[in-house]
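Here is a short report for a reader who is new to this structure. Please look over the sequence and the model first, then read on.

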Amino acid sequence: MTPRLEEVTPENFDTAVGIRVHPGQEHAVSPVVTSLAEAYVHPAGVAWPRLIVDGDRAVGFLMAFFGIDWHGDGSVHRSGLWRLNIAADAQGRGYGRFAVDAVAAEIRRRGGRELHVSWHPGPTGPEDFYLRLGFRRTGETSGDQTVGVLAL
C-alpha cells in the first residue's frame with residue numbers, strides 16, 4: 001500500500017464525489033459532494049479537502065479543518081479531521097489510519113498539538129476505529145456527535 005493525498009481538482013471532481021461508503025454507514029458521514037460544498041463556503045485555509053489515492057485508484061476522501069473557532073466566541077480554536085469517507089470496497093486496508101496520520105502530520109506542520117474529530121455514536125459508527133488510534137473522548141458533543149481528541 002502506497003497511498004497519497006491529492007487535491008480535489010476539476011479533473012478528479014467526478015471521481016471524488018463518486019466515493020461511497022457502506023450503505024450502513026451513510027447516516028454517519030456526509031457525502032463527498034456535501035463536504036466540498038462546505039469547503040467552498042468557509043474562509044480560505046479552514047477546510048482542507050483531499051482525495052486518498054492508491055496507485056491510480058481513489059480509495060477515499062478526507063477533509064481536515066484548521067483553526068476553527070470552536071465555540072464561536074474566539075476563545076478556542078481547533079484543528080482536526082472533519083470528514084473521512086473510505087470507499088466501501090477499500091475499507092479495512094489501512095486507508096483510514098493513513099488519513100488520520102496524514103492529517104496529524106499536517107496539523108503538526110502548522111504548529112498544532114491536538115487533532116480533534118467527532119463521530120456519530122452507535123454500533124455502525126466509527127468510534128471503535130478512532131479509539132483504537134488513540135483518540136480519547138473529551139466529554140463534549142458537537143450536535144449529536146461525540147468529540148474526541150488525539151494528542152500529537
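## A buried ring and its partner

Phe-65 is buried, with 5% relative accessible area. Bear in mind that this is a predicted model. Trp-82 is partly exposed, at a relative accessible area of 21%.

Aromatic pairs number 6 in the structure. Phe-65 and Trp-82 make an edge-to-face pair, because their ring centres lie 6.4 Å apart and their planes stand at 90 degrees. This pair links distant parts of the chain. Phe-65 belongs to strand β3 (residues 57-69), and Trp-82 belongs to strand β4 (residues 77-86). The two are 17 residues apart. In general, the distance of the centres and the angle of the planes describe a pair of aromatic rings.

Other rings deserve a look. Trp-119, Phe-129, Tyr-130 and Phe-135 form one aromatic cluster. Phe-66 has a charge over its ring: the charged end of Arg-110 sits 3.6 Å from the ring centre.

## The sheet

What is the order of the strands in the open sheet? The order is β1-β2-β3-β4-β5-β7-β6. The sheet has 7 strands, and the pairing is mixed. β1 (3-7) and β6 (136-142) stand at the edges. Each has a single partner strand, so one side of each is left without a neighbour in the sheet. From one strand to the next, the twist averages 30 degrees.

Strands of a sheet pair through backbone hydrogen bonds, either parallel or antiparallel.

| Strands | Sense | Bridges | Facing residues |
|---|---|---|---|
| β2 and β3 | antiparallel | 8 bridges | Arg-50 and Leu-62 |

α2 lies across β2, β3 and β4. It runs at about 35 degrees to β3. α3 lies across β1, β2, β3, β4 and β5. Its angle to β4 is about 155 degrees.

## The nonpolar core

The largest nonpolar core has 36 residues. Which residues have the most contacts inside it? They are Leu-81 and Leu-115. Several elements give two or more residues to this core: α1 (13-17), α2 (32-41), β2 (47-54), β3, β4, α3 (95-109) and β5 (114-119). The largest share, 7 residues, comes from β3.

Leu-81 shows how these parts meet. Leaving aside neighbours within four places in sequence, Leu-81 is in contact with Leu-62, Met-63, Ala-64, Phe-65, Val-100, Val-103, Leu-115, His-116, Val-117 and Tyr-130. Among these contacts is Phe-65, the buried member of the edge-to-face pair. Leu-115 is another.

Ala-47 lies in strand β2. It is buried, with a relative accessible area of 16%. Not counting residues up to four places away in sequence, Ala-47 touches Ala-39, Met-63, Ala-64 and Trp-82. Ala-47 and Gly-67 are 20 residues apart in sequence. In space, their C-alpha atoms are 9.4 Å apart.

Arg-50 also lies in strand β2. Is Arg-50 buried or exposed? At 15% relative accessibility, Arg-50 counts as buried, because the cut-off for buried is under 20%. Beyond its neighbours within four places in sequence, Arg-50 is in contact with Leu-5, Glu-6, Glu-7, Val-8, Gly-60, Phe-61 and Leu-62. Leu-62 is also its bridge partner in β3. Arg-50 and Asp-14 are 36 residues apart in sequence and 13 Å apart in space, C-alpha to C-alpha.

Thr-146 is placed in strand β7. Thr-146 counts as buried, at 16% relative accessibility. Which residues does Thr-146 touch, not counting those up to four places away in sequence? They are Val-117, Ser-118, Trp-119, Pro-121, Glu-127, Arg-137 and Glu-140. One of them, Trp-119, belongs to the aromatic cluster.

Conventions. Residues are numbered from 1 along each chain as its sequence is written. This is a predicted model: local features need pLDDT of at least 70, side-chain atom pairs count only at pLDDT 80 or more; totals for chains, interfaces and linings use all residues. Side-chain values use heavy atoms; hydrogens and water are left out. Rings of Phe, Tyr and Trp (its six-membered ring) pair if their centres lie within 6.5 Å; planes under 30 degrees apart count as stacked, over 60 as edge-to-face and the rest as tilted. Helices (H or I, at least four residues) and strands (E, at least two) are DSSP runs, numbered from the N terminus. Buried means under 20% relative accessible area, exposed over 50%, partly exposed in between (1.4 Å probe, protein chains only). A charge sits over a ring if NZ of Lys or CZ of Arg is within 6 Å of the ring centre and within 35 degrees of the ring normal. A nonpolar core is a set of buried Ala, Val, Leu, Ile, Met, Phe, Trp, Tyr and Cys residues joined through side-chain atoms within 4.5 Å. Contact means heavy atoms within 4.5 Å. Two strands pair if DSSP finds at least two bridges between them. Axes are lines fitted to C-alpha atoms, for helices over the stretch in contact, and angles run from 0 to 180 degrees between N-to-C directions.
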